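Hi,

Here is the structure I promised to send over. Have a look at it first, and then read on for what I found in it.

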Amino acid sequence: MKKKLIINDEKDLNRFYNRLWLYRSFIYRFVYFYIDEDKYNVTPILKALNIKYRNSRIKCVINEACIYLDNYYKDKNYCDFKCYKCALHRSKKYNYKNGCCRACDYQSSGGCLTSNVACKLFYCKYITDKYDTLTIKDIKVLYVLSLFQRMTIGSDYFASVDDVAMDLYCWPLASTFRISMRMLKIYPRFRKVIKNEKL
Ligand code: SF4
Ligand code: SF4
């Protein structure tokens with residue numbers, strides 16, 4: 001079955017956003033959504049809604065959220081890295097390299113080796129005081145996920161894209177267990193990095 005969406009103005013758009021919890025539910029399991037004229041760029045959301053397998057839909061949402069964030073920040077360069085040191089650490093005259101990523105497994109000289117929505121959303125106070133940054137509420141495609149999944153994806157730092165996808169796929173208890181275990185595993189490394197920085 002097909003369902004045509006008509007989004008002509010802000011009111012229609014807000015109604016569409018408010019109904020996302022319904023469109024992603026079992027009731028619309030066999031419904032294919034489409035739109036004739038996409039004035040408000042809802043195509044990424046429809047793409048996710050039209051994927052009916054949970055795992056594939058989660059991966060699509062993560063991918064679309066990352067594309068949105070990358071495009072938004074493409075020309076902004078807020079952290080302004082120079083010789084591997086970010087704006088905050090240069091201003092404090094710290095010798096830390098690679099900013100917030102410095103204790104993470106996925107850092108490299110070429111940047112992050114994975115795609116993490118929480119990390120892409122995060123900016124320290126030094127940056128948020130100076131610039132407008134996005135919050136999770138601005139990434140509308142994330143509303144294809146449940147509230148728990150949105151909370152998880154918004155706080156699942158230092159994790160690979162596959163780990164985050166699995167955290168979202170699991171039931172809340174299993175997901176919390178997975179994240180806690182990962183944090184316990186990386187905590188000693190964090191301590192070591194912080195200790196070495198103080199030397
Ligand atoms: S968010 Fe702040 S601490 Fe993190 S890399 Fe950017 S400037 Fe540095
Ligand atoms: S996963 Fe996050 S903390 Fe780790 S390298 Fe990528 S952006 Fe940095």
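Let me start with ligand 1: the residues around it are Cys-79, Cys-86, Ala-87, Leu-88, His-89, Gly-99, Cys-100, Tyr-123, Cys-124, Tyr-126 and Ile-127. Keep in mind as you go through this that the model is predicted. Sorted by type, the ligand 1 shell has nine nonpolar residues and two polar ones, with no charged residue. Two helices, H5 (87-91) and H7 (125-128), each supply at least two residues of that shell. Which of them gives the most to the shell around ligand 1? That would be H5, with three residues.

Now for ligand 2. Around it you'll find Cys-100, Cys-101, Cys-104, Tyr-106, Gln-107, Cys-112, Thr-114, Asn-116, Cys-119, Tyr-157 and Phe-158. Here the shell divides into eight nonpolar and three polar residues, and again none is charged. If you're clicking through both sites, watch for Cys-100, which is listed around ligand 1 and also around ligand 2.

On to the protein as a whole. It has 10 helices and two strands, and from the N terminus on the order is β-α-α-β-α-α-α-α-α-α-α-α. The C-alpha trace spans about 65 × 35 × 25 Å along its principal axes. Of the 199 residues, 18% count as buried. Taking contacts with a separation of 6 or more, 56% of them come from residues 24 or more positions apart.

Helix H9 (residues 161-169) is worth a look too. Its Val-164, Ala-165, Asp-167 and Leu-168 are buried. They sit on the same side of H9, because they cover an arc of only 160° around the axis.

Is Lys-140 buried, exposed or partly exposed? It is partly exposed, because 19 other C-beta atoms lie within 10 Å, and a residue needs 20 or more to count as buried. Leaving aside neighbours within four places in sequence, Lys-140 is in contact with Tyr-17 and Ile-45. Arg-189 is another matter: it is 49 residues from Lys-140 along the chain, and the two C-alpha atoms are separated by 35 Å.

Cheers

Terms used. Residues are numbered from 1 along each chain as its sequence is written. Chains are lettered from A and ligands numbered from 1 in the order in which they are written. This is a predicted model: local features need pLDDT of at least 70, side-chain atom pairs count only at pLDDT 80 or more; totals for chains, interfaces and linings use all residues. A residue is near a molecule or strand if its C-beta atom, placed from the backbone, lies within 6 Å of it. Ala, Val, Leu, Ile, Met, Phe, Trp, Tyr, Cys and Pro count as nonpolar, Asp, Glu, Lys and Arg as charged, and the others, Gly among them, as polar. Helices (H or I, at least four residues) and strands (E, at least two) are DSSP runs, numbered from the N terminus. A residue is buried if 20 or more other C-beta atoms lie within 10 Å of its own, exposed if 12 or fewer, and partly exposed in between; C-beta atoms are placed from the backbone. Two residues are in contact if their C-beta atoms, placed from the backbone, lie within 7 Å. The arc is that of the directions from the helix axis to the C-beta atoms.
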